[in-house]
Structure formats: C-alpha cells, structure tokens
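What follows is a walk through one protein structure with its ligand. Please look over the sequence and the model first, then read on.

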Amino acid sequence: MKVAVVKELEPGEQRVALVPEGVPRLTGAGLEVLVEQGAGAGAWFGDSAYSEAGASVVSAADAYRDADIILCVTRPEATRLKSGQAAFGMLAPLTDPAYVSSLAEAGVTAVSLDGLPRTLSRAQAMDALTSQANVAGYKAALIAAAAYGRFFPLLITAAGTARPCKLLVLGTGVAGLQAIGTARRLGAQVSGYDVRPASKGEVESLGATFIELTSVVSAAGEGGYARELTGEERDAQQAELTGHIARQDVVITTAQVPGRRPPLLVTEDAVKAMAAGSVLVDMGASSLGGNVAGSVPGETIVTENGVTIIGAINLPSSVPAAASNAYSRNISALLLHMVADGALAIDLDDEIQAGVVAAHGGRVVHPAVLKLLEGDR
Ligand code: NAD
C-alpha cells in the first residue's frame, strides 16, 4: 500500500504531516512512502532527508495519482482525490461538514485526527489536538514576552530592580497549561483561571495561582471539555474577571467550547481598564470573534489606551519543526492502528476509528457530522 505525504495548501502553513524520522516506522510496517517534492521545506526537512530515510520523492501529480492514502496536516486538495483513496488530516469536519460530504461523494475515505476520543489512554499517542495545543501554548507565552516592553522575571541589577511581570492565563486546558509553564520558566508571576474546577490542581501543580470566581462555580461539560455558559453566567463572569484583568501586565486567553464560538472573556471595559503597555494574546481569535473584545485574527493592534492585542492564529505552524515532529508521531500511530495485513482496515466498532472516520464507502459515517448536515437541509 502506498502512502503519500503532500504539501500543505493553506498559505503560510509551514508544517508537514510526516517527518523523515517517521518514514522507517511506516516502511517497517510494509508501507511504501511517497513524499511530494518540497513538502517538508517549511519545517526544514529537505527532500534528501526523506530519500535517505527510505521514501520516494515525487511530484504532486504522482503523489495524488499513485497513493492509496494521502497524509496531510490540514486538508488535501479535494479535487485531486479519487474514489477508493483515503485522506488523513485535521479535516475540521464539525466546522465544515460540507467538505466531508464532498469527499464522501467522491468515494474518498476521510479520516480526521481532530475527532479522536481524547480520554482513551491507548489513543494518547495519536492525539494531534493535544500535541498542537501544546506547541501553541508555548509559542503564545513567547510572543507575549516579545511584545511586552518590560522583563518577565524579577531582575536585580546595578541599573535598578525590575519587578516580575504579572501574567494571567484564561482557559487552562492543554494550551493554557503549557503557556503557564513557559511563562513561569521565563520568570513571570503567573495565575490561571478556568471554568472546569478540575483544572485548579493542574494550575497549582505548575506553581501558578488559581483564580476562583464566585460568579461561576463550575461549567464542566462532557468528555473533559467545558460547557457553554448561560447568558447570566457569562455576564457575571465577565464582570468579575474585569477586576482581575485590570491588575495584569499580560493576559493569554485560550478558552474554547467544542462546536461553539469562543467565549468572550476580556470585554471592551476590561481592555480599557488595563494599563498602557499591557499585552493581550488571544488564542481564540477567529472570524466569529475571540476571547478578547476587538481582537483581529492574524493581526496585532494597539488600542487608544496603549494595550497591545494580538489575534494569535495557527501558532503551531510558527514552530514548524517541533509541531511537525509531534504531528508525525500522532498520524503514524493512528495510521498503523488502522492498517492490518498491509491494507486499511476500517472498523467503525472500534472506539478510536468511530471518532476519526468521517466518511467511508461513499457515505458520511460520523454521527456528529451527519447531524450537522441534516440540520443544513
Ligand atoms: P479546549 O481547547 O476545548 O478549551 C481550552 C480551555 O478553555 C478548557 O480548559 C476549557 O475548560 C476552557 N474554557 C472554556 N470556556 C471557558 C470560559 N467561559 N471561561 C474560562 N475557561 C473556559 O480544551 P483542551 O485544551 O482541548 O482540553 C479540554 C479537556 O480535555 C481538558 O480537561 C484536558 O485535560 C482534557 N484532555 C484530556 C486528554 C487525555 O486524557 N488524554 C488529552 C487532552 C485533553
């Protein structure tokens, strides 16, 4: 069976789905690995490194024509796929179910790593959402430090003493915890807040302070995720958070609720209450709005009162080698889990496959995607 690694299509996307180090694992399992010319260039993995690792470097046309399975980080070029092929990537089926539907119609098996059940311990090595969120949280702390006009650590020098930066992380899931750890290593005085009470212990274990609000006691939802707040809870949360935000030099926000637009945590009033020189990094920034009022995805703006708001998008792509290394291990582990006797063995009774297989046999098979498509009719 031939597996092809193709170049990412999104402008500016630097990651690659499989790194050279991952090739022997697949060839060792009897798979033939094809790599599109230049696929790894954005992450500094050259074509020769892939050849030396045992892959064949081919043109895009050959990769799409000859492969049984296409591997990518985000999405492959749908119009080049053909019936009987399988596409593995982060296909975002819940935000764009029509894309999955088009793959199903074309007879393509769609496997999306973002559907992986995250609480199964045997699936942890395949968890790309976690590995990429980890990279994103790390980079968020670095871009905050770079945009902040003072030091993060307490520095005592002959030229004076600098007090440590006060940094708050809102939303302490995978990305938030990594942002806390990184900011702590840079010497900031860090606190964290989340609506899931379980995260208190995780924040404290990293040496940060957990902020407890009286307005929202718990909003733990299903599968370890948060639930959406009611309108009343949201207003009370925003009002209570504003007091905490005003005392911070830097705030990093990572809050997400599955299938919903990111919750607004830092209101316009909260931004206005911050001192000039403060920095906000909004990892929830999207075209639908983010965690921070006024954030623009992909842009850095400075408000009238001197607060820098960074609409951070696709941070994993800006640490491409580390992000690709981790993703490569995730996608290989999933692929090998789904291969038996040298062929793709789709089994929707398997809990892992039931989460990731979105289309197969000419049909959309994932219940959540089907539900969304039915809602559109
Ligand atoms: P996510 O990206 O969906 O959201 C980020 C954080 O935002 C979450 O911690 C969420 O609780 C928080 N949030 C949502 N609404 C909020 C609000 N209004 N105010 C404040 N915070 C808000 O989450 P994630 O990082 O993907 O992690 C979600 C959960 O999955 C966590 O419990 C994590 O520990 C768990 N998880 C488990 C495993 C595993 O067991 N293998 C792997 C990965 C993640």
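Glutamate 204 and lysine 200 both sit in helix α7, which covers residues 199-205, and they are 4 residues apart, about one turn of the helix. The model is a predicted one. Between these two side chains there is a salt bridge, with the closest N and O atoms 2.8 Å apart. Is glutamate 204 exposed, partly exposed or buried? With a relative accessibility of 38%, glutamate 204 counts as partly exposed, because the partly exposed class lies between the 20% limit for buried and the 50% limit for exposed. Lysine 200 is also partly exposed, its relative accessible area being 26%.

A second pair is found in helix α3, residues 60-66. Here aspartate 62 and arginine 65 are 3 residues apart, again about one turn of the helix. They form a salt bridge whose closest N and O atoms are 3.2 Å apart. Aspartate 62 has a relative accessible area of 26% and is partly exposed. Arginine 65 is partly exposed as well, at 49%.

Another salt bridge links glutamate 77 with arginine 80, and its closest N and O atoms are 3.3 Å apart. Both partners belong to the partly exposed class: glutamate 77 has a relative accessibility of 27%, and arginine 80 has one of 33%. The bridges described so far are among the 15 salt bridges that the structure holds.

The ligand is the next stop. How many residues are around the ligand, and which come nearest? There are 24 residues around the ligand, and Arg118, Val174, Asp194, Arg196 and Gly224 come nearest. Sorted by class, this shell has 10 nonpolar, 10 polar and 4 charged residues.

A polar backbone atom of valine 174 is 2.7 Å from an oxygen atom of the ligand. For glycine 173, the distance from a polar backbone atom to a ligand oxygen is 3.1 Å. Glutamine 256 has a backbone N or O atom 3.4 Å from an oxygen atom of the ligand. How much of the ligand's accessible area does the protein cover? On its own the ligand has 840 Å² of accessible area, and the protein covers 85% of that.

How values were computed
Residues are numbered from 1 along each chain as its sequence is written. This is a predicted model: local features need pLDDT of at least 70, side-chain atom pairs count only at pLDDT 80 or more; totals for chains, interfaces and linings use all residues. Side-chain values use heavy atoms; hydrogens and water are left out. A residue is near a molecule or strand if one of its heavy atoms lies within 4 Å of it. A polar contact is a pair of N or O atoms within 3.5 Å; within protein, one must be able to donate a hydrogen and the other to accept it, and residues adjacent in sequence count only if both atoms are side-chain atoms. Accessible areas come from the Shrake-Rupley method with a 1.4 Å probe; for residues, only the protein chains shown count as cover. Ala, Val, Leu, Ile, Met, Phe, Trp, Tyr, Cys and Pro count as nonpolar, Asp, Glu, Lys and Arg as charged, and the others, Gly among them, as polar. A salt bridge is a side-chain nitrogen of Lys or Arg within 4 Å of a carboxyl oxygen of Asp or Glu. Helices (H or I, at least four residues) and strands (E, at least two) are DSSP runs, numbered from the N terminus. Buried means under 20% relative accessible area, exposed over 50%, partly exposed in between (1.4 Å probe, protein chains only).
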